Amino acid sequence: MARMKFICDAERCIECNGCVTACKNEHEVPWGVNRRRVVTLNDGVPGEKSISVACMHCSDAPCMAVCPVNCFYKTDEGVVLHDKDVCIGCGYCSYACPFGAPQFPSQGTFGVRGKMDKCTFCAGGPEANGSQAEFEKYGRNRLAEGKLPACAEMCSTKALLAGDGDVVADIFRNRVLKRDKGAEVWGWGTAYGSSKAGQAPAKEGGKS
Amino acid sequence: MSKSLLSMAMLVTLGLSACMEKPQTLGTKTDAAPFTGTGDAPAAFVNGGWKAGDKTSWEQALRTRAQAGQNDYAKTN
């Protein structure tokens, strides 16, 4: 299997925050913690674009590189997860992450900042799959239930795509060919390595 | 004499062992792969169409789900 990836189609996102709500509800995320949020670029300006942002589960994740206690690990599916029993809540990952994904609950058991919390691609954590302990720390493990992340499955306009990188890229490519614009995928170059990833192809006559 | 020496040696060994540092393992626990399923947990929310432990069927189920749920161009209506 290829790596699990997110794609947010800015041409389709209507800033409804359905993904944010789905995530919070599915994982019972506490107040003040937003694993996913919708960001509007050029808000109020004609042609503004909205995108849904969370942990992108980077190929070469900077959070993993800077963590002083090595609490991160990557699954075979390319999902970046972390162990809350090891996390010391130092916040280095928050500074390193280009997407602002790491979140820190204000009422934690470890100091003021609490242990880090972030999107798990609905894959839980190191506890037993589907266990109560896993749910309480990381939320539901939908991948082990044979499902895809709740945010993408809930998206009303299917702007947010999640799953096997080959499959979601194929779905997105088909869309771009049909509408002949909007080939840019925000964050792909940063998350998945290539400076050309997610950019519109150099061609004449494109609408975007 | 040898008895007292032996007991002395034992005392010294015990005393020094108390000064040793406790082992501190750093790192993460191993995580079960998602295709192994949710184990003994209630299966009420588990999606059908694949067999727990069979990686190929799990991957195929996710691909099918992604296409059916997210690719609106594949729909006929």
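Reader: How do you know that β1(A) and strand β6 (residues 160-164) of chain A are joined, and by how many bridges?

Author: Two strands pair if DSSP finds at least two bridges between them, and here 5 bridges join β1(A) to β6(A), the two running antiparallel. One residue of β6(A), A:Leu161, stands opposite A:Ile7. Strands (E, at least two residues) and helices (H or I, at least four) are DSSP runs, numbered from the N terminus. A friendly word on the basis: this is a predicted model, where local features need pLDDT of at least 70, side-chain atom pairs count only at pLDDT 80 or more, and totals for chains, interfaces and linings use all residues. Residues are numbered from 1 along each chain as its sequence is written, with chains lettered from A and ligands numbered from 1 in the order in which they are written.

Reader: What makes strand β1 (residues 4-8) of chain A largely enclosed?

Author: A residue is buried if 20 or more other C-beta atoms, placed from the backbone, lie within 10 Å of its own, exposed if 12 or fewer, and partly exposed in between. In β1(A), 5 of the 5 residues are buried, so the rest of the structure largely encloses this strand. Both faces are covered, with A:Met4, A:Phe6 and A:Cys8 on one side and A:Lys5 and A:Ile7 on the other.

Reader: Why are the buried residues of α2(B) placed on the same side?

Author: In α2(B), B:Trp58, B:Leu62, B:Ala66 and B:Gln70 are buried. They cover an arc of only 75° around the axis (taken from the directions from the helix axis to the C-beta atoms), so they lie on the same side of α2(B). On the other side, B:Thr56 and B:Ala68 are exposed.
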